[in-house]
Amino acid sequence: METTIGFVGTGVMGKSMVNRLLEAGYPVHIYTRTPSKAEELLQNGAVWQNSVSELAASVDVIITMVGFPSDVESIYFGAEGIIENAREGSILIDMTTSSPALAQKISDRAKRYNQSAIDAPVSGGDIGARNGTLTIMIGGDTEVVDRMTPVFKVMGQNYIRQGSQGAGQFTKMCNQIAIASTMIGVTEALVYAEKAGLDPDSVLESISGGAAGSWSLSNLTPRVIKRDFSPGFFIKHFIKDMSIAVESAEEMGIDLPGLKLAKKMYEDLAGNGEENAGTQALYKYYN
């Protein structure tokens with residue numbers, strides 16, 4: 001592969017995404033604030049860069065996968081940021097779940113430096129990142145998105161351009177809104193089954209193949225049954241996503257009570273020290 005990729009952020013999701021790119025033969029340069037998270041990737045052939053600015057100047061495509069919109073702003077803007085240090089013609093792909101307005105801001109700034117920016121948030125959790133089966137929701141210019149399709153194909157099995165810059169983030173908000181209420185439903189179903197004295201594995205086998213079936217039911221409920229609350233997706237990041245969705249909905253003049261309820265429940269859990277647990281830890285709200 002002639003395209004050299006830089007990747008900023010090698011946490012739960014980013015680490016597996018980088019491994020997929022390395023396995024596909026892409027040269028990958030990495031930077032993360034916690035170097036210990038990069039050790040396995042370096043052993044697998046990734047190249048370490050000492051800063052965001054050094055990474056940006058060394059590659060053709062820069063992918064970012066960080067935690068919060070404030071993190072996105074800090075690595076894209078400023079004298080040491082991506083935009084001011086990336087080469088002309090570079091393609092910048094933010095795969096963080098962030099705000100549509102920030103995606104547009106990055107694109108507008110990048111164009112001043114003859115760069116192209118794409119927002120491409122993902123869904124599928126740690127399982128999807130490891131298996132290369134992520135859903136990728138893309139906003140950006142058609143020509144640039146088409147050029148990056150081979151890269152998206154390595155990391156995901158469902159990668160769709162939704163529109164211009166910001167459209168990927170709007171679509172991810174739709175995804176998170178759907179998940180928010182779904183997580184309440186699948187958790188309450190499990191709590192109800194256990195209280196009724198049923199075998200939860202048997203119940204799951206029955207209902208996951210019917211109208212109640214969902215990704216969350218099939219992939220997260222088995223973890224809860226085993227009392228595995230380790231993060232495929234952090235509660236603190238889900239709260240961030242729901243906050244963006246609530247704010248965006250209010251800007252559009254719509255009220256989403258299901259989303260607000262889920263957000264409040266997860267905020268209560270975070271307040272009890274569960275912010276670094278996986279989203280399936282909603283089960284603990286009922287116990």
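Mentor: What follows covers some helix contacts, then a few loop residues.

This is a predicted model, with residues numbered from 1 along each chain as its sequence is written. Local features need pLDDT of at least 70 and side-chain atom pairs count only at pLDDT 80 or more, while totals for chains, interfaces and linings use all residues; side-chain values use heavy atoms, without hydrogens and water.

Helices (H or I, at least four residues) and strands (E, at least two) are DSSP runs, numbered from the N terminus. Two packed helices are described by the angle between their axes and the distance between the axes. An axis is a line fitted to C-alpha atoms, for helices over the stretch in contact, and angles run from 0 to 180 degrees between N-to-C directions.

Start with helix α9 (residues 167-195). Its axis lies 9 Å from that of helix α13 (residues 235-251), at an angle of about 110°. The two are therefore roughly perpendicular (65 to 115 degrees; under 35 is roughly parallel, over 145 roughly antiparallel, and the rest oblique). Their crossing is left-handed, which is said when the near helix is turned anticlockwise from the far one by less than a right angle; clockwise would be right-handed. On the α9 side, the contact (heavy atoms within 4.5 Å) is made by Phe-170, Lys-172, Met-173, Gln-176, Ile-177, Ile-179 and Ala-180. On the α13 side are Phe-238, Asp-241, Met-242, Ile-244, Ala-245 and Ser-248. Nine of these residues are nonpolar, two polar and two charged. Here Ala, Val, Leu, Ile, Met, Phe, Trp, Tyr, Cys and Pro count as nonpolar, Asp, Glu, Lys and Arg as charged, and the others, Gly among them, as polar.

Helix α9 also packs on helix α14 (residues 257-274), with the axes coming within 9 Å and crossing at roughly 65°. This crossing, too, is left-handed. Ile-177, Ala-180, Ser-181, Met-183 and Ile-184 of α9 meet Gly-258, Leu-259, Leu-261, Ala-262, Met-265 and Tyr-266 of α14. That contact has nine nonpolar, two polar and no charged residues.

Another pair is helix α4 (residues 69-76) and helix α6 (residues 100-112), whose axes are 11 Å apart at about 5°. They are therefore roughly parallel. From α4, Pro-69, Val-72, Glu-73 and Tyr-76 meet Leu-102, Lys-105 and Ile-106 of α6. By class, five of these are nonpolar, none polar and two charged.

In α4, the residues Asp-71, Val-72, Ile-75 and Tyr-76 are buried (under 20% relative accessible area; exposed is over 50%, partly exposed in between, with a 1.4 Å probe and protein chains only). They span an arc of only 120° around the axis, so they lie on the same side of α4; the arc is that of the directions from the helix axis to the C-beta atoms. Their cover includes β1 (5-8), β4 (61-64), β5 (91-94) and α6. Gly-78, which follows α4, has a positive phi near 95°.

Most residues other than glycine have a negative phi. Asn-114 has a positive one, near 55°; this residue sits in the loop between α6 and β6 (116-119) and is partly exposed, at 48%. Arg-227 likewise has a positive phi, of about 60°, and belongs to the loop between α12 (221-225) and α13.
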